[in-house]
Amino acid sequence: MSFSLLSISSENPELVKPVQHFSTWQRYIEQDGLAPVKATIIRLTMDGLWCAELLGCPTVAPELRKKVLETLLQMTKEDLT
């Protein structure tokens, strides 16, 4: 998947512009109230799932994906430290 993204971005940089705003999300996450490390782990996990699905490369079975999403959501409700 990494090679695909690298190839896409080097061949046509315009295609990656819509996702370059993700760095803005990091600033919001760090001000959200969750511990920055926990919030970043959640964001990076979601980014990975999203990219894999976008490229048609689902990395986990649907039931496991559902449990991962439920766990990530639960992490947002746990102790903020």
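Helices H3 and H4 cross in a left-handed manner, a crossing being left-handed if the near helix is turned anticlockwise from the far one by less than a right angle, and right-handed if clockwise. The model is predicted, so local features need pLDDT of at least 70 and side-chain atom pairs count only at pLDDT 80 or more, while totals for chains, interfaces and linings use all residues. Residues are numbered from 1 along each chain as its sequence is written, and side-chain values use heavy atoms, with hydrogens and water left out.

**Overall architecture**

- The chain contains four helices and zero strands, where helices (H or I, at least four residues) and strands (E, at least two) are DSSP runs numbered from the N terminus.
- Along the sequence, the pattern reads α-α-α-α.
- Of the chain's 81 residues, 20% count as buried; buried means under 20% relative accessible area, exposed over 50%, and partly exposed in between (1.4 Å probe, protein chains only).
- The chain has an accessible surface of about 6,100 Å², and carbon and sulfur atoms account for 63% of that surface; such areas come from the Shrake-Rupley method with a 1.4 Å probe, and for residues only the protein chains shown count as cover.
- Among contacts in the chain with a separation of 6 or more, 56% are between residues 24 or more positions apart, contact meaning heavy atoms within 4.5 Å.

**The pairing of H3 and H4**

- The axes of H3 and H4 come within 10 Å and cross at roughly 155 degrees; axes are lines fitted to C-alpha atoms, for helices over the stretch in contact, and angles run from 0 to 180 degrees between N-to-C directions.
- H3 is therefore roughly antiparallel to H4, since angles over 145 degrees count as roughly antiparallel, under 35 as roughly parallel, 65 to 115 as roughly perpendicular and the rest as oblique.
- Residues of H3 that meet H4 include Ile-42, Met-46 and Leu-49, and their counterparts in H4 include Val-68, Leu-69 and Leu-72.
- Val-68 lies in helix H4 and is partly exposed at 25% relative accessibility.
- Beyond its neighbours within four places in sequence, Val-68 is in contact with Thr-45 and Leu-49.

**The nonpolar core**

- The largest nonpolar core has six residues: Ile-29, Leu-34, Ala-39, Ile-42, Leu-72 and Met-75; a nonpolar core is a set of buried Ala, Val, Leu, Ile, Met, Phe, Trp, Tyr and Cys residues joined through side-chain atoms within 4.5 Å.
- Helix H3 (36–54) and helix H4 (62–75) are the elements that give two or more residues to this core.
- Leaving aside neighbours within four places in sequence, Ile-29 is in contact with Ala-39, Thr-40 and Arg-43.

**Pro-36**

- Pro-36 is found in helix H3 and is partly exposed, with a relative accessible area of 44%.
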